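Biologist: I am new to this structure. Please take me through some of the terms used for it, and set each value against its cut-off.

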Amino acid sequence: MSAQTYKKFENAGSTDLPDKMTIYQDCMNKFNESPISPKRCRILISRLLRLLLNGETFPETEATALFFSISKLFQHPNDSLRQMVYLAIKELSGMSEDVLMATSSIMKDIQNGSDLVKPNAIRSLAYVLDESTAFSAERLLKSAVVSKQPSVSSAALITSLNLLPISETTIKRFANEAQEAIGDLKQFPHSSGANSEYYPNSTFTTQYHALGLVYQLKKNDKMALLKLVKQLSDNGNLLKNQMAKVQLVKLVNDLVNRDNQLFPQFQPILFNWLSNKFESVQIETAKLITSFASSHKNARLVSPDLFASTISTLQGLLTVPRVTSRFAALRILNKISMTSPEKIVICNPELESLINDSNRNISTYAITTLLKTGTAKNISSLISTITKFIHDVSDDFKIIIVDAVRTLSLNFPQEWKSIVKFLIDVLKNSEGGLTFKNSIIEAIFDIVSFVPQSKEVVLENLCDFIEDCEYNEILVRVLHLLGKEGPFTSKPSLYVRHIYNRVVLENSIIRSAAVVALSKFALTKNDSTLKSSIISLLKRISNDQDDEVRDRATIALKLIDFTSADDENSLIAHDLLQSKKFYDLPSLENKLSAYLSSNTDSFSTPFDSASVRKFTEDEVKAMDLKRKQEQVFNNTSEGSRETPIDMSLESTTSIKEQRLDTETYHGASLDQHQEELVATKYADELMNVEEFKDFGSLINSSKIISLTEQEAEFVVSGVKHIFKKHVVFQFNIKNTLTDVALDNVAVVCTSEDAESSKLNETFTLPIDRLMPSIELQCYVAFEKDSDVVMEGFLNNLVFTTRELNPDTQEPYEDDEGFQDEYEIDPIYLNAGDYIESSFIGDFESAFDELPNEEIAVYNIQEDISLQEVIDKLVVNTSCLPLSNTQFAPNDSNSHTLKLFGKSALNGMKVALLIKMIKSSKGIVIKAQGRAEDEELCSDLVNGLM
Amino acid sequence: MSNLSLYSVNAILILDNHGNRIYSKYYKPPHLNNVITDSLFDNIKKQKEFEQKLFKKTHKQDSEILIFENNIILYKEYIDVTIYLVGNINENEIILQNAFSGFKGSMELLLNNGIDNKNVSENCDLVYLLIDEIIDNGVILETDPASIASRVTKQPTSDTLNQTLDLDKGLLGAWGFAKSKLQERLQQGL
């Protein structure tokens with residue numbers, strides 16, 4: 001061996017990456033040498049693998065050449081070389097062609113090789129076989145599955161699993177052998193390993209692999225799975241491996257999710273598993289029970305005893321020394337805390353001791369869970385606990401805590417005092433970066449807008465805060481808030497002084513924000529001295545050295561000047577200084593981009609902003625609150641949705657990573673946003689139809705209601721649009737047939753009670769031709785003779801089917817087609833369609849102030865949970881649930897729901913106080929409605945269900 | 001809905017003390033080409049970004065387990081290397097923990113001079129083989145460190161066919177193993 005090559009091998013262990021071409025050349029040379037030198041070849045292969053595992057790839061021809069020369073090494077019988085060869089074959093199989101050529105060598109090894117390399121050989125089969133050759137491995141795999149060697153049997157089972165997608169029929173032929181392997185306890189042989197110096201324990205992992213494969217083979221056969229579970233759970237000692245046991249728990253989970261009626265039957269087994277000697281089994285069982293119970297329709301199938309012992313199992317796991325077990329238990333508790341925090345209050349002492357856990361993730365989970373379990377009683381003590389340690393933790397962690405506190409403030413508006421005190425304290429006294437401070441400001445803003453009582457205290461504290469705040473972004477936001485809320489407080493002049501201080505002391509960005517805020521104070525009612533001092537301040541500012549500041553001051557002066565006049569300009573000026581309306585942002589964005597892309601007359605016609613929907617402040621707040629509530633809810637009820645949401649969330653901010661599955665605050669709004677976009681799109685399309693132009697502006701649109709099964713031949717969904725004097729039903733019809741087109745598609749709506757119908761059908765806009773897999777809209781318009789009309793309509797889809805010529809995708813010329821009908825679900829126009837959700841800070845006093853009262857009592861015989869009733873009520877009335885009453889407590893049989901909304905026609909307020917009690921006979925509901933409009937009130941209350 | 005498939009491990013990583021990869025293997029179930037798979041699997045750039053971010057998150061943060069980008073991560077930091085197991089978010093944490101201790105334990109058994117960058121690179125063949133004996137395509141193969149270690153072949157001592165057995169090392173190895181097992185038991189008993 002020359003000195004040079006020797007040196008090269010010496011360096012094999014160096015941490016630098018070897019050169020790709022050198023490795024390639026060396027491999028080609030050494031592997032084709034005769035006789036083969038196993039030691040050197042193994043070193044070479046490991047260097048090659050290092051390249052590949054670092055992400056290097058070879059072009060296909062080179063990879064194929066490498067693969068070919070490596071397969072020559074099969075000639076050498078050395079086992080330790082052989083193991084490496086298999087590794088290389090697996091890695092290279094992805095990038096080279098003709099991998100099939102190694103099959104015969106591999107198969108020879110499986111038959112005659114030593115026990116050591118057999119498993120490696122079997123496992124490499126999955127990489128070299130394809131659909132057409134997989135069957136050839138049947139006999140080999142079958143005999144390997146029944147082998148007494150656990151590693152051989154495991155390898156065969158996993159390979160079968162890997163091959164399953166391409167050769168299910170082959171694998172099915174030895175389903176029986178696989179099934180037997182579940183119960184077969186294969187001892188790990190002590191003497192046959194390469195390194196007999198170790199003393200292996202038999203873990204019986206083969207059981208796990210066999211169970212996994214058998215499930216995949218039988219997953220469509222519920223009865224077979226049931227039998228399997230019964231067999232394995234009756235004989236508690238059959239499964240020795242803990243992974244296999246966990247797999248069995250998962251299998252039960254699968255079964256009860258398919259058919260929830262099976263749950264009671266499994267209850268005794270689950271009880272047993274909760275005290276299983278393996279913590280993994282306890283955790284998995286707890287996961288099963290809690291996730292099953294979190295769905296409303298299943299909750300009552302879980303006996304309270306079982307749930308209680310689940311919680312105590314988890315509670316026990318919180319104190320074990322093993323980090324992973326604590327972490328897993330906390331994760332489950334955290335999930336429960338989102339839906340039913342009252343159930344885990346007993347774990348609070350343990351949770352509190354975990355706040356100082358050395359694992360940051362555990363302490364984070366502990367604190368967020370604790371904050372969720374907060375009840376009106378213990379909030380202040382919780383907050384004081386947090387105050388003690390918040391200054392010692394990192395920014396990421398602080399943000400999570402602040403976010404949790406923010407949720408708390410939405411849920412317990414009456415506790416605002418201690419929450420505000422806490423937030424202000426952290427804001428002023430704690431070190432932290434921009435993101436952290438911003439999250440506090442975000443939380444404070446939420447409190448100001450949803451808890452009106454807190455306004456003055458918060459604003460005064462914010463004034464103090466901006467005296468020494470280093471972040472421009474935050475200063476600007478605070479100034480904006482002061483300008484918005486300040487004029488309506490008892491002492492507006494106080495804020496003027498603070499804002500003007502900023503003008504004197506800060507940079508131009510903040511100065512310009514301060515100018516805008518100042519100008520709003522000029523409109524304060526009944527205070528002419530304040531107005532004149534604002535004017536003099538603004539005059540002084542209009543000499544500012546910065547253009548923007550000067551401009552803003554000048555404009556503000558001019559506008560203030562206008563407001564004193566008593567003409568049309570005054571209104572406009574008022575509006576500009578202090579806008580009461582906000583544009584619907586998604587729709588504005590849509591319109592603007594459409595405007596930019598159309599560009600027909602090089603923008604000589606100005607953009608028409610009137611066509612964009614506007615909202616008043618209350619409406620914005622209502623939507624905001626609704627979104628936040630829905631997020632919290634979605635987050636909890638659908639664990640499965642967590643996954644994609646989290647992914648998208650991830651890329652946006654790195655700070656929020658930590659709260660991945662504790663809080664998916666921003667994630668869920670994606671869906672919401674999508675929904676809004678669709679709604680705007682529908683409204684736009686509607687307004688573009690010539691026939692509807694005379695109806696005036698659209699007052700309200702309902703959510704999309706599904707009118708057929710999702711799997712039906714024609715999928716239909718409906719939207720109700722309300723106009724001043726008209727009602728339009730929009731039917732979205734999708735043709736899911738592949739070879740038939742529909743002509744003249746229309747919907748025939750028949751009133752349920754034709755005699756007294758107050759709606760007269762004016763016209764229908766049919767769809768001329770509906771091609772396969774296309775969705776189009778059909779509109780049916782009605783004229784209504786009074787403001788609020790409630791009616792139900794039976795709907796029939798009528799159309800002419802025309803068969804399509806598969807070549808041209810056009811209907812046959814001579815095919816007349818034939819008339820057909822298709823019944824779809826009825827559509828109901830109810831009082832809720834005339835109502836928009838609205839926000840009010842103080843529900844009780846607002847409720848008492850409303851003049852007209854109406855009371856109705858309902859009796860529901862069906863066996864449904866309170867939560868289901870609440871959900872239905874919220875959807876039916878389209879009101880906004882307030883004071884967090886949209887969640888029914890799981891442990892109580894009564895609930896009070898507070899709903900608030902206003903008429904879409906004239907903006908009259910309506911409030912509903914709905915009390916419900918659940919008994920063994922059903923649910924009794926007493927709805928008490930109060931509204932400004934008598935008719936609306938009675939319609940709403942009487943049409944609740 | 002918990003995950004019934006056996007494909008529970010998404011990746012095994014070994015990073016150095018700057019977050020650069022020493023070993024990284026991402027897994028996906030084979031023969032499922034029509035299914036949209038995790039983009040991490042075939043995008044090197046994304047993988048490296050993922051590793052860097054993960055490293056930043058875990059460096060000097062002795063926390064063993066965390067949730068990161070929708071994965072359960074188990075890790076252990078040594079002097080100048082960190083070993084990671086990236087698991088499916090729906091998998092049982094303790095199962096993953098078992099696989100990870102199998103990984104950690106067998107590394108400690110096989111690299112008897114301690115786990116550090118130099119040792120891992122010098123014995124990379126052993127490391128590759130042992131990881132292959134723990135995880136196959138994301139399926140956990142074995143969790144007992146000694147079983148894993150005993151399935152990994154050492155380098156051929158010479159270019160001859162005979163392998164000699166180093167008895168001295170054997171006894172030491174046994175002693176070391178017994179010691180670690182005893183420690184583990186004691187810890188669990190507490």
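Modeller: Leaving aside neighbours within four places in sequence, A:Y779 is in contact with A:E685, A:L686, A:V689, A:F692, A:V728, A:F729, A:Q730, A:F763, A:T764 and A:L765; contact means heavy atoms within 4.5 Å. This is a predicted model, where local features need pLDDT of at least 70 and side-chain atom pairs count only at pLDDT 80 or more, while totals for chains, interfaces and linings use all residues. Residues are numbered from 1 along each chain as its sequence is written, chains are lettered from A and ligands numbered from 1 in the order in which they are written, and side-chain values use heavy atoms, with hydrogens and water left out.

Biologist: Why does A:Y779 count as buried?

Modeller: Buried means under 20% relative accessible area, exposed means over 50%, and partly exposed lies in between (1.4 Å probe, protein chains only). A:Y779 has 7% relative accessibility, so A:Y779 counts as buried. A:Y779 belongs to strand 10 (residues 775–784) of chain A. Helices (H or I, at least four residues) and strands (E, at least two) are DSSP runs, numbered from the N terminus.

Biologist: What makes A:Y208 buried, and what does A:Y208 touch?

Modeller: The value for A:Y208 is 2% relative accessibility, and therefore A:Y208 counts as buried. A:Y208 sits in helix 12 (residues 205–218) of chain A. Not counting residues up to four places away in sequence, A:Y208 touches A:N241, A:M243, A:A244, A:Q247, B:L6, B:S8 and B:I140.

Biologist: Why does A:Q282 count as buried?

Modeller: A:Q282 has 12% relative accessibility, so A:Q282 counts as buried. A:Q282 is part of helix 16 (residues 279–293) of chain A.

Biologist: Is A:I917 buried or exposed, and why?

Modeller: A:I917 counts as exposed because its relative accessibility is 52%. A:I917 lies in strand 18 (residues 909–919) of chain A.

Biologist: What makes a nonpolar patch of A:I855, A:V857, A:I917 and A:V924?

Modeller: Patches are made of residues with over 30% relative accessible area and no salt bridge; like charges are joined within 9 Å, and nonpolar side chains (Val, Leu, Ile, Met, Phe, Trp, Tyr) within 5 Å. A salt bridge is a side-chain nitrogen of Lys or Arg within 4 Å of a carboxyl oxygen of Asp or Glu. These four form such a patch on the surface, with about 360 Å² of accessible area together, by the Shrake-Rupley method with a 1.4 Å probe; for residues, only the protein chains shown count as cover.

Biologist: How do you know that the span of helix 28 of chain A is close to what is expected?

Modeller: The expected span is 1.5 Å times one less than the number of residues. Helix 28 (residues 492–505) has 14 residues and reaches 21 Å from its first C-alpha to its last, close to the 20 Å expected. Helix 27 of chain A also has 14 residues, and reaches 20 Å, with 20 Å expected. The cover over the buried residues of helix 28 includes helix 27 (472–485) and helix 29 (508–521) of chain A.

Biologist: What is the largest nonpolar core?

Modeller: A nonpolar core is a set of buried Ala, Val, Leu, Ile, Met, Phe, Trp, Tyr and Cys residues joined through side-chain atoms within 4.5 Å. The largest has 245 residues, and those with the most contacts inside it include A:F266 and B:I14. Another core, of 59 residues, lies apart from it, and A:V716 and A:V869 are among them.
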